[in-house]
Every structure is written in structure tokens, then in C-alpha cells.
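Please keep the sequence and the structure in view while reading.

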Amino acid sequence: FSTKQLGWDATFTNSIDAIASRDAVAEYTFACTQSMIHLSRLSEELVLWTTTEFGWATYGDDVTTGSSAMPQKKNPDIAELARGRGGKAIGELTTMLAIQKGLPMAYNRDLQEDKAAVFAVDDLLSGTIVAVGALVESAIFNPPEPSAWVCSLDLAEVLVERGVPFREAHERVGVVIRALIRDGRDMSQTTFADLQKVDDRWVEADLGVLTPEASVRRRRSPGGGSFESVQQQISALRSTLS
């Protein structure tokens, strides 16, 4: 009767488990904590991208704070606080597990302390998601020009597609790279003659893979970094969220 009144799907099959188990609570606390860890890792990136050394992004004035000393600075405090809150979430999960560790079976009054931990981690996650979301939404990205050297893998892969073992293709490309560096050139300045000197299995058309855009387009495996794959992943995420 109680189950029906509460709208639950079933009753417990064991009365002691019903009053003493905190599995579901611990699992929820873990899910929140793991989500906080993801947000912490993202926040680390968001902080790095704004530094002078990177300069890859700037964030809105309404989601950043001024420096206490440097007038020109905009501090990504939301991201820094999110990193710190990740540590707090780990503490709440540890609390949840430690409460259960030393208990005999059946209900013990210690278990009432689970409420503070689960409510705290829930609040941490819900607040942090909103704040980090606002920071990301305000971002203006300034991506750097990609390095021409990223195409070295593509040059090895075209040999692999012709049956050359990757370890051998890897070594062949290394020889090409050493010659380019010695001459003060980068991968974008590779000539067909450079390739032929090292391995005659390369053909002139292979020079077409030596651009960063072409390299990205070749990342066609599911979940890869090609433009099409990324759009598919975005569409799938939007579908899940809706």
C-alpha cells in the first residue's frame, strides 16, 4: 500500500537492506563527484587558455573579476573556484563511504550523517554547472594557428594505407623531419623530392595531406576530430539534452 501511495515501482525484498543500505545515496554522491571532477578538468583548461602564455580565450566582464593589483587583468575566478569545489566534492564522497565502513548490518544512527554529505555535493554540482556554463557562454576564442608538424602523422598513415607497417612508416617520416629541421624548414615546406630521397613509396599526391585542415578531415573514425564527426557528436548531445 505504501509503495503504491509513494508511486514507487516495487517494495524492498529485504527489510534490513531497506533501512540500512546507502548504496543508492553513495552512488549518487559518486556521480555528482565525478561530474565535479569533469568540471574541474574543464576549468583547468579555461584558466590556462586565458593566460598570457596561451591567450586562446577571453571571458565576459560579468563573469570575471578584476585583479587586486593589476588593472588590466580579468581573473577567471569561476573556473578557479570550480577546481577547488572539485576537491570539496571528493571530501563529501569520502565522508559518505567512511560513514558506512565501520557499521554492523541493520540501521545505526551514524547513517543520519549521510544527509549533510549528499545535500552538500548536490548543491556543489548544481551551482557549479550554472556558473561554469555562464563562463563558457561568455567566451570569445582566439585559437592559434595550428602547427604544420601535426601533419607528420598523416604522412606516415599514407604509407600504412599502402601496406607499410606503422613502425616503419613512423621511422621514415622521422628521417624526413630531421632533414627539414636541419634545413630550417617545417612540414608545410616539404617537397616531393624530400619524400623521394627517403622512400619511393610516397607519391606526389601525398603532399596534399600536409595541411592542418586536411589532417583534421582525415580523422574520420567514430568519435574522432573531423569536422563531420564533431558535428555528429554535437547533434547527439543536443538530442540527449532535449
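## Aromatic residues and their pairs

W56 has a relative accessibility of 31%, so this residue counts as partly exposed. The model in which this value was computed is a predicted one. F54, at 35% relative accessibility, likewise counts as partly exposed, and F141 is placed in the partly exposed class at 46%.

How many aromatic pairs are there by the rule on ring centres? The count comes to two aromatic pairs. In one of them, the ring centres of W49 and F141 are 6.2 Å apart and the ring planes stand at 75°, which is over the 60 degrees required, so the pair is edge-to-face. This pair links distant parts of the chain, since W49 belongs to helix α3 while F141 belongs to strand β4 (residues 140–141), and 92 residues separate them. F54 and W56 make up an edge-to-face pair too, with 4.9 Å from centre to centre and 85° between the planes.

| Helix pair | Angle between axes | Axis distance |
|---|---|---|
| α3 (residues 23–50) and α4 (residues 77–101) | roughly 160° | within 8 Å |
| α3 and α5 (residues 114–137) | about 30° | 9 Å |

The angle between α3 and α4 is roughly 160°, which means that α3 runs roughly antiparallel to α4. The crossing in which α3 passes α4 is left-handed, and the residues of this contact comprise 14 nonpolar, six polar and six charged ones.

With α5 the angle is about 30°, and α3 and α5 are therefore roughly parallel to each other. Here, too, α3 passes its partner in a left-handed crossing. On the α3 side the contact includes V25, Y28, T33, M36 and L39, and on the α5 side the residues include V118, V121, L125 and I129. Divided by class, the contact of α3 with α5 has 15 nonpolar, five polar and two charged residues.

## Two residues of α3

Is T33 buried or exposed? At 4% relative accessibility, T33 counts as buried, because the limit for this class is under 20%. T33 lies in helix α3, and, once neighbours within four places in sequence are left aside, T33 is in contact with A89, I90, L93 and V121.

I37 is also found in helix α3, but with a relative accessibility of 25% this residue counts as partly exposed. Not counting residues up to four places away in sequence, I37 touches G86 and I90. From C-alpha to C-alpha, I37 and D200 are 49 Å apart in space, and 163 residues apart in sequence.

## The enclosed helix α6

Why can helix α6 (residues 152–160) be called largely enclosed by the rest of the structure? The reason is that seven of its nine residues are buried. The buried residues of α6 are S152, D154, L155, A156, E157, V158 and L159. Among the elements that cover these buried residues are α7 (166–182), α8 (192–198) and α9 (212–217).

Terms used
Residues numbered from 1 in each chain as written. Predicted model: local features only at pLDDT ≥ 70, side-chain atom pairs only at ≥ 80, totals over all residues. Heavy atoms only, no water. Axes fitted to C-alpha atoms, helices over the stretch in contact; angles between N-to-C directions. Helix = DSSP H or I, 4+ residues; strand = E, 2+ residues; numbered from the N terminus. Parallel < 35°, antiparallel > 145°, perpendicular 65-115°, else oblique. Left-handed = near helix turned anticlockwise from the far one by under 90°. Nonpolar A, V, L, I, M, F, W, Y, C, P; charged D, E, K, R; others polar. Buried < 20%, exposed > 50% of the residue type's maximum accessible area, 1.4 Å probe, protein only. Contact = heavy atoms within 4.5 Å. Phe/Tyr/Trp six-rings, centres within 6.5 Å; stacked < 30°, edge-to-face > 60°.
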